[in-house]
Each structure stands twice: as structure tokens, then as C-alpha cells.
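Student: I'm new to this one, so please take me through one part of it up close.

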Amino acid sequence: YIERGVIISADAVVALKKKVIGKPVSLDDAIDILSRLEGKWHSVFTSYCIYLPHLDKKILRTVRTYVKFKPMKRKEIKNYVNSENVLDKAGAYAFQGIGGFMIEKIEGSPTNVIGLPLTEIVSDLLKLKVIGYR
């Protein structure tokens, strides 16, 4: 039992034209995913829950960020897939890693693309009075 703790859980998915793209199941799948994303806008959705068990309070939220990839050649995509662990990444890329080279534009939260939408999480932690200003 957590007497005075905060539990934060989150997960992200990528979506292209209303189709959800999770984590690739193989390197070939990663190449296929990135080939579909190259040169296009897609969305990154991160849903999170902040839960205060001692107060039985929670906030659930989903944050959407729009990302545009630059046009790429298949060879460029293959080189990327072979240079970074993409199998544990939604959409087969990591903005904070080498994959940042693919991103041409972002509209919305950059930290959402990295993994956690920090602006929104901090705002919610303030709302729940878990953190505050001195």
C-alpha cells in the first residue's frame, strides 16, 4: 500500500491517416513503417494517468502531437533501422536519438514525441497539488 505516493503510467502510439501504428515486430516491419511515414504528417498520441492512491484521485489525459518526416530514400531508412534499437519504439523511431534527423516539423509538444508530454504532466501535478511553487 502506498501511503503518500504518486503513480504515473503512460504509453504512446503513432497514427497515420486514422491507422494506429504500434511498435514494429521486426526490422523489416520497422523499414515498412518508416517507408509509410516518410515525407508525410503523422500523429503521436501519448495517454497517461496520474494516480494518487492515498486520496483516490486521478487524471487521465491524451496528448496529440503532429510530426512531419522529411522525404527519405529506402537506403537512408535501412541505415537508420540498423543503427538504433527501433523495435521498442512506437512508429519505429526515437526523436531523442539518431531518429531526430527524420523529423522536418513538429506541431505540438516535442516531449510528447520523446515519450512523456512534460508540460501537461507538470500542469496536472500542480492541479493535484503534488508539486507547487515556493
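In which helix is the place of Val122?

Tutor: Val122 sits in helix H4, residues 118-127. (Helices are DSSP runs of H or I with at least four residues, strands are E runs of at least two, and both are numbered from the N terminus.) Before we go on: the model is predicted, with local features needing pLDDT of at least 70 and side-chain atom pairs 80 or more, while totals for chains, interfaces and linings use all residues. Residues are numbered from 1 along each chain as its sequence is written, and side-chain values use heavy atoms, leaving out hydrogens and water.

Val122 counts as partly exposed because its relative accessibility is 36%; buried is under 20%, exposed over 50%, and partly exposed in between, with a 1.4 Å probe and protein chains only. Together with Val6, Ile8, Val130 and Ile131, Val122 makes a nonpolar patch on the surface, about 330 Å² of accessible area in total. Areas come from the Shrake-Rupley method. Patch members have over 30% relative accessible area and no salt bridge, and nonpolar side chains (Val, Leu, Ile, Met, Phe, Trp, Tyr) are joined within 5 Å, like charges within 9 Å. A salt bridge puts a Lys or Arg side-chain nitrogen within 4 Å of an Asp or Glu carboxyl oxygen.

The largest nonpolar core has 23 residues, and Leu34, Leu37, Phe69, Tyr80, Val81 and Tyr93 touch the most other members. (A core joins buried Ala, Val, Leu, Ile, Met, Phe, Trp, Tyr and Cys through side-chain atoms within 4.5 Å.) H1 supplies the largest share of this core, 5 residues. Apart from it lies another core of 8 residues, including Ile121 and Leu125.

Key: Accessible areas come from the Shrake-Rupley method with a 1.4 Å probe; for residues, only the protein chains shown count as cover.
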